[in-house]
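Welcome, and please open the structure in your viewer.

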Amino acid sequence: MIFDRFRLNGQVALVTGGTRGIGLAIAEALGEAGAKIFISGRTRSAAADERLAKTGVDCDFIAADMTKDNAADALVTETLSRAGRLDILVNNAGIAIHGDSGEFSDAIWREIMTVNVDAVFRTCRAALAPMRRQGGGVILNLGSISGIVSNIPQNQVAYNASKAAVHMMTKSLASEVAAENIRVNAIAPGYIETDISRGGIANPDWFPTWRSMTPMGRVGQPEEVAGAALFLCSAAASYITGEVLVIDGGYTTR
């Protein structure tokens, strides 16, 4: 049956930045579909543990600071040590910092690129060896509409550039490893209600513009991204690779 293709029974999934927001919603969706879940973050979240336990998701936590050069390798190694395999990698960890480009420091630029670009590549790279050994796998990267359009009114050149890099990284890697039964896709969310976006949603100078430029007239919820993530990580999307799926309430149509 077609719905069985959404099941992930027996698979192991690693979700970076999985203790809150979109990452947590994706972890929950993959877990509910039957996957064994590992979530990473700088610190463990009791709220995330409680939420996943309530839904019966089989989940473990691995501490990881993605600003560290060795974090990606250590994270994948620990996942393999505990579970013996890695079928699905979701690169969700990311940061957003706004600011006028003329006053943007090298340190802040480097911080954004380290987490949003370097760590994504390193974790993809670390996952390739075990996925090749087991005959395939799935990588899902979290991009953004900010990698497609220069959204306003906030100034965020570094964040936008980092997400555009994730999109091209996704396409290039997908082309490189497709013959090895490894699929690589990305999701590009619009404005989703998370800890990262909450300040902007509360900003009277920003949110009216965000809402007016979104045809659906509202922000999205993490669960509305998680459903698409489950699709792309499952066999239901077995002929899809190198795609960037936009989930933005229509924002990029305007």
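Begin by selecting Glu224, which is partly exposed, with a relative accessible area of 38%. Keep in mind as you look that this is a predicted model.

**Zoom out to the whole protein**

You can trace eight helices and seven strands. Along the principal axes, the C-alpha atoms fill a box of roughly 50 × 40 × 40 Å. A compact globule of 254 residues would have a radius of gyration near 18 Å, and the 17 Å of the protein agrees with that.

Next, colour the residues by burial: buried residues make up 50% of the 254. Among contacts with a separation of 6 or more, 71% are between residues 24 or more positions apart.

**Colour by charge**

Show the 23 positive and 26 negative charges; their mean positions are 3 Å apart. How many salt bridges does a search of the whole structure find? The search finds 15.

**Stop at helix H2**

Select Glu50 and Lys54, which both lie in helix H2, four residues apart, or about one turn of the helix. They form a salt bridge in which the closest N and O atoms are 3.6 Å apart. Glu50 counts as partly exposed, at 46% relative accessibility, while Lys54 is exposed, with a relative accessible area of 67%.

Now select Arg42 and Asp65, whose side chains meet in a salt bridge at 3.4 Å, N to O. This pair links distant parts of the chain, 23 residues apart: Arg42 is in the loop between strand S2 (36–41) and helix H2 (46–54), and Asp65 is in the loop between strand S3 (59–63) and helix H3 (71–83). Is Arg42 buried or exposed? Arg42 counts as exposed because its relative accessibility is 56%. Asp65, at 23%, counts as partly exposed.

**Last stop: a network**

Finally, select Arg20, Asp195 and Arg198 together. These three residues are linked in a network of salt bridges.

Note on methods
Residues are numbered from 1 along each chain as its sequence is written. This is a predicted model: local features need pLDDT of at least 70, side-chain atom pairs count only at pLDDT 80 or more; totals for chains, interfaces and linings use all residues. Side-chain values use heavy atoms; hydrogens and water are left out. Helices (H or I, at least four residues) and strands (E, at least two) are DSSP runs, numbered from the N terminus. The radius of gyration is taken over C-alpha atoms; the globule rule is 2.2 Å times the number of residues to the power 0.38. Buried means under 20% relative accessible area, exposed over 50%, partly exposed in between (1.4 Å probe, protein chains only). Contact means heavy atoms within 4.5 Å. Lys and Arg count as positive and Asp and Glu as negative; His and the chain ends are not counted. The place of a charge is taken as NZ of Lys, CZ of Arg, CG of Asp or CD of Glu. A salt bridge is a side-chain nitrogen of Lys or Arg within 4 Å of a carboxyl oxygen of Asp or Glu.
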